[in-house]
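Dear colleague,

Please find the sequence and structure below. My notes come after them.

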Amino acid sequence: MCIRDSSEVRIMDSFEADKRQQLDRAITNIREKFLLNIDDRIALFDDLLAQIETGEDTEDALKQISANAHKISGVARTLGFADLGLMTSRIETDFGKALAGTLSENTISPLISQVEEMLDHLVSLSSGNRA
């Protein structure tokens, strides 16, 4: 067994604290970039919803919504946006199931509602970021 003296323990504790601070700063920077890009994400989802509403390549738009929801889901929880992470994870899963089946108004309409709920949440985050 190796017993360390108190100065070695203090150095190790200091090193670990520095690493935690660096990690916290990195996550804060990523979070800020995420918040700065929310308006672009909102515009993308709005465009994809418009594409679905016009019937213009609906399947492709659904795939893009699912893929972008996946990207958000992957980072949202890490950055402290648990609700957004859950919403986007559910969107990704539900869109995947819908794409595996037959697409109809009955399957698409609830999916659009989920995306609109997520967009409301993104708008709320964006507004809070400006305050």
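This is a predicted model: local features need pLDDT of at least 70, side-chain atom pairs count only at pLDDT 80 or more; totals for chains, interfaces and linings use all residues.

Residues are numbered from 1 along each chain as its sequence is written, and side-chain values use heavy atoms, with hydrogens and water left out.

Helices are DSSP runs (H or I, at least four residues), numbered from the N terminus. H4 covers residues 82–100, and its 19 residues should span 27 Å at 1.5 Å a residue, which agrees with the 27 Å between its end C-alpha atoms. The expected span is 1.5 Å times one less than the number of residues.

Buried residues in H4 are Leu84, Gly85, Met87, Thr88, Ile91, Phe95 and Ala98 (buried means under 20% relative accessible area, exposed over 50%, partly exposed in between, with a 1.4 Å probe and protein chains only). Seen down the axis of H4, these buried residues fall within an arc of 165°, so they line one face of the helix; the arc is that of the directions from the helix axis to the C-beta atoms. Leu86, Lys97 and Ala100 are exposed on the other side of H4.

Leu84, in H4, has a relative accessibility of 0%. Leaving aside residues up to four places away in sequence, Leu84 touches Phe34, Ile72, Ala76, Met118, His121, Leu122 and Leu125 (contact means heavy atoms within 4.5 Å).

The axes of H3 (residues 58–76) and H4 come within 8 Å and cross at roughly 150°. That makes the two helices roughly antiparallel (angles over 145 degrees count as such); axes are lines fitted to C-alpha atoms over the stretch in contact, and angles run from 0 to 180 degrees between N-to-C directions. Among the H3 residues that meet H4 are Leu62, Ile65, Ala69 and Ile72.

In H2, 17 residues should span 24 Å at 1.5 Å a residue, and the end C-alpha atoms are 24 Å apart, which agrees. Its buried residues include Ile38, Phe45 and Gln51. Just after H2, Gly55 has a positive phi of about 80°.

Asp57 lies in the loop between H2 (38–54) and H3. Its phi is near 50°, a positive value in a residue other than glycine. Asp57 is partly exposed, at 46% relative accessible area.

Regards

Notes:
Angles under 35 degrees count as roughly parallel, over 145 as roughly antiparallel, 65 to 115 as roughly perpendicular and the rest as oblique.
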